[in-house]
Amino acid sequence: LTSTDVTTLYTCPSATTAVFKSILVSEDSGNADTITVTITNSASAVFSIFKVKAVGANTTVELLTAPLVVEEAEILKVTAATANRLHVVASFLEIG
């Protein structure tokens, strides 16, 4: 993540449901940091999935312990506490 702005990771398309199996966050600058993950629904309501989740220096963290279902028009967003420290990779299946 190149900034501390809210960044869209995924927007679920029309007539689709996505099942996220993995969200990996890695820190490679040698400094511990935090990440916030939210879902915004079609009515623009924001729900916290992870609020200021710690990521240790030079580590990778798997955020999910069970699948996360994202429905049509929902938006998965991530926010780093510090720019240029965290990388986010997600693995998901779209069902349409």
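## An exposed serine in a loop

At 57% relative accessibility, Ser44 counts as exposed; exposed means over 50% relative accessible area, buried under 20%, and partly exposed in between, with a 1.4 Å probe and protein chains only. Ser44 lies in the loop between β3 and β4 (46-55), and has a positive phi of about 70° although it is not a glycine. Most residues other than glycine have a negative phi.

Asn84 also has a positive phi, of about 65°, and is not a glycine. Asn84 is found in the loop between β7 and β8 and is exposed, with a relative accessible area of 56%.

## Basis of the model

This is a predicted model, in which local features need pLDDT of at least 70 and side-chain atom pairs count only at pLDDT 80 or more, while totals for chains, interfaces and linings use all residues. Residues are numbered from 1 along each chain as its sequence is written, and side-chain values use heavy atoms, with hydrogens and water left out.

## Overall architecture

The protein chain has 0 helices and 8 strands. Helices (H or I, at least four residues) and strands (E, at least two) are DSSP runs, numbered from the N terminus. The order of elements from the N terminus on is β-β-β-β-β-β-β-β.

The C-alpha atoms of the protein chain fill a box of roughly 40 × 25 × 20 Å along the principal axes. Of the 96 residues, 33% count as buried. The chain exposes about 5200 Å², of which carbon and sulfur atoms supply 53%; accessible areas come from the Shrake-Rupley method with a 1.4 Å probe, and for residues only the protein chains shown count as cover. Among contacts (heavy atoms within 4.5 Å) between residues at least 6 apart in sequence, 81% join residues at least 24 apart.

In soluble globular proteins, nonpolar side chains tend to be buried together. The largest nonpolar core here has 22 residues, and those with the most contacts inside it are Phe20, Ile23, Ile35, Leu68, Val70 and Leu76. The elements that give two or more residues to this core are β2 (17-27), β3, β4, β6, β7 and β8, and the largest share, 4 residues, comes from β2. A nonpolar core is a set of buried Ala, Val, Leu, Ile, Met, Phe, Trp, Tyr and Cys residues joined through side-chain atoms within 4.5 Å.

Leaving aside neighbours within four places in sequence, Leu68 is in contact with Ala18, Val19, Phe20, Ile23, Ile39 and Leu76. Leu63 is placed in the loop between β5 (60-62) and β6 (68-70) and is buried, with a relative accessible area of 4%. Not counting residues up to four places away in sequence, Leu63 touches Ile23, Val25, Val37, Phe50 and Lys53. The C-alpha atoms of Leu63 and Phe50 are separated by 8.2 Å, and the two residues are 13 residues apart along the chain.

## The salt bridge

The structure holds 1 salt bridge, defined as a side-chain nitrogen of Lys or Arg within 4 Å of a carboxyl oxygen of Asp or Glu. The side chains of Asp33 and Arg85 form this pair at 4.0 Å, N to O. The pair links distant parts of the chain, 52 residues apart: Asp33 belongs to strand β3 (residues 33-40), whereas Arg85 lies in the loop between β7 (75-80) and β8 (86-95). Asp33 is buried, with a relative accessible area of 6%. Side chains of opposite charge can pair when their charged atoms come close.

## Two buried threonines

Thr36 lies in strand β3 and counts as buried at 16% relative accessibility. The side chain of Thr36 reaches the backbone nitrogen of Val52 at 3.2 Å. Not counting residues up to four places away in sequence, Thr36 touches Phe50, Lys51, Val52, Lys77, Val78 and Thr79.

Thr16 is found in the loop between β1 (7-11) and β2, and counts as buried at 11% relative accessibility. With residues up to four places away in sequence not counted, Thr16 touches Glu71, Glu72, Glu94, Ile95 and Gly96.

Note on methods:
Polar contact = N/O pair within 3.5 Å; in protein donor to acceptor, adjacent residues only side chain to side chain.
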